[in-house]
Amino acid sequence: VGDPQAPVGQGKLLLGHWQYTARFEPNDGGAPARGNRGTYIRGEYPLATSGDRKVEGFFRLGTARGRYNMFDSFAGGGLKFSGWIPGRPDDEFGVAVAAGFTSDSYRAAANASSAEVAIEATYRTQMTPWLAIQPSIHYIHNPSADRNIPAALLFGLRAETSFSLAGF
């Protein structure tokens with residue numbers, strides 16, 4: 001890739017917190033209560049740039065109240081490559097891994113495994129100025145953290161359209 005240089009200061013680091021005000025039934029069979037909340041951190045950073053070619057990395061870590069949620073922690077990350085096909089600077093290829101870790105109370109109540117792990121590969125191509133197509137393939141180990149469900153291989157196709165209201 002020549003002399004890769006990441007543009008300093010162009011990354012993102014996001015911190016978020018969410019909370020529901022409604023009552024939720026806990027995994028342990030107790031009475032519905034309030035307190036379903038969680039926190040996450042997400043980061044995105046350009047790792048290398050050479051001409052039109054770019055490599056960007058991303059990650060996300062999160063927690064949630066295990067008493068109410070199947071998954072009480074999450075970790076994911078991946079890489080996005082753009083501009084690697086000559087003449088197609090807007091096309092993007094990405095790979096990612098994500099894992100949701102089941103809470104102790106959910107594992108006990110559902111005899112669940114400790115995690116669901118997903119691996120994804122995707123390619124987004126700008127077909128026209130107003131249409132992008134993005135096929136993807138996903139491998140999921142322990143879907144729904146259910147020990148009785150075999151691994152799954154999924155194929156997806158996303159279509160993205162855009163338009164402008166300029167002149168109205």
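Mentor: Buried means under 20% relative accessible area, exposed means over 50%, and partly exposed covers what lies in between. With a relative accessibility of 23%, phenylalanine 81 therefore counts as partly exposed. Please keep in mind that this is a predicted model.

Trainee: Understood. Which elements does the protein have, and in what order do they run from the N terminus?

Mentor: There are 1 helix and 8 strands. The order from the N terminus is β-β-β-β-β-α-β-β-β. The radius of gyration is 20 Å, well over the 15 Å that the globule rule gives for 168 residues, so the protein is more spread out than a compact globule.

Trainee: What does the C-alpha trace span along its principal axes?

Mentor: The spans are about 60 × 40 × 40 Å.

Trainee: And how much of the protein counts as buried?

Mentor: Of its 168 residues, 25% are classed as buried. The accessible surface is about 10900 Å², and carbon and sulfur atoms contribute 58% of that area.

Trainee: What share of the contacts with a separation of 6 or more comes from residues 24 or more positions apart?

Mentor: Such residues account for 50% of those contacts.

Trainee: Let us turn to the aromatic residues. How many aromatic pairs are there?

Mentor: The count is 5 aromatic pairs. One of them joins phenylalanine 24 and tyrosine 68 in an edge-to-face arrangement, with 6.5 Å from centre to centre and 65 degrees between the planes.

Trainee: Where do phenylalanine 24 and tyrosine 68 lie?

Mentor: Phenylalanine 24 is in the loop between β1 (12-19) and β2 (37-50), and tyrosine 68 is in the loop between β3 (53-64) and β4 (71-82), so their pair ties together parts that are 44 residues apart in sequence.

Trainee: Is each of the two buried or exposed?

Mentor: Tyrosine 68 counts as buried, at 8% relative accessibility. Phenylalanine 24 is partly exposed, its relative accessible area being 26%.

Trainee: What about the rings of phenylalanine 81 and phenylalanine 93?

Mentor: Their centres are 6.1 Å apart and their planes meet at 35 degrees, so this pair is tilted. Phenylalanine 81 belongs to strand β4 and phenylalanine 93 to strand β5 (residues 92-102), and the pair links these distant parts of the chain, 12 residues apart. Phenylalanine 93 is partly exposed at 35% relative accessibility.

Trainee: Which residues form an aromatic cluster?

Mentor: Trp18, Tyr20, Phe24 and Tyr68 form one.

Trainee: Moving to the backbone, what is the phi of asparagine 111, and where is that residue found?

Mentor: Asparagine 111 has a positive phi of about 50 degrees, although it is not a glycine. Asparagine 111 is found in the loop between α1 (104-110) and β6 (115-128). Its relative accessible area is 55%, so asparagine 111 is exposed.

Trainee: And what is the phi of alanine 145?

Mentor: For alanine 145 phi is near 55 degrees, a positive value in a residue other than glycine. Alanine 145 lies in the loop between β7 (131-141) and β8 (152-161).

Trainee: Is alanine 145 buried or exposed?

Mentor: Alanine 145 is buried, with a relative accessible area of 0%.

Trainee: One last topic: how far apart are the mean positions of the positive and negative charges?

Mentor: The mean positions of the 16 positive and 15 negative charges are 7 Å apart.

Key. Residues numbered from 1 in each chain as written. Predicted model: local features only at pLDDT ≥ 70, side-chain atom pairs only at ≥ 80, totals over all residues. Heavy atoms only, no water. Helix = DSSP H or I, 4+ residues; strand = E, 2+ residues; numbered from the N terminus. Rg over C-alpha atoms; globule rule 2.2 N^0.38 Å. Buried < 20%, exposed > 50% of the residue type's maximum accessible area, 1.4 Å probe, protein only. Contact = heavy atoms within 4.5 Å. Areas by Shrake-Rupley, 256 points an atom, 1.4 Å probe, with all protein chains shown as cover. Lys, Arg positive; Asp, Glu negative; His and termini not counted. Charge placed at Lys NZ, Arg CZ, Asp CG, Glu CD. Phe/Tyr/Trp six-rings, centres within 6.5 Å; stacked < 30°, edge-to-face > 60°.
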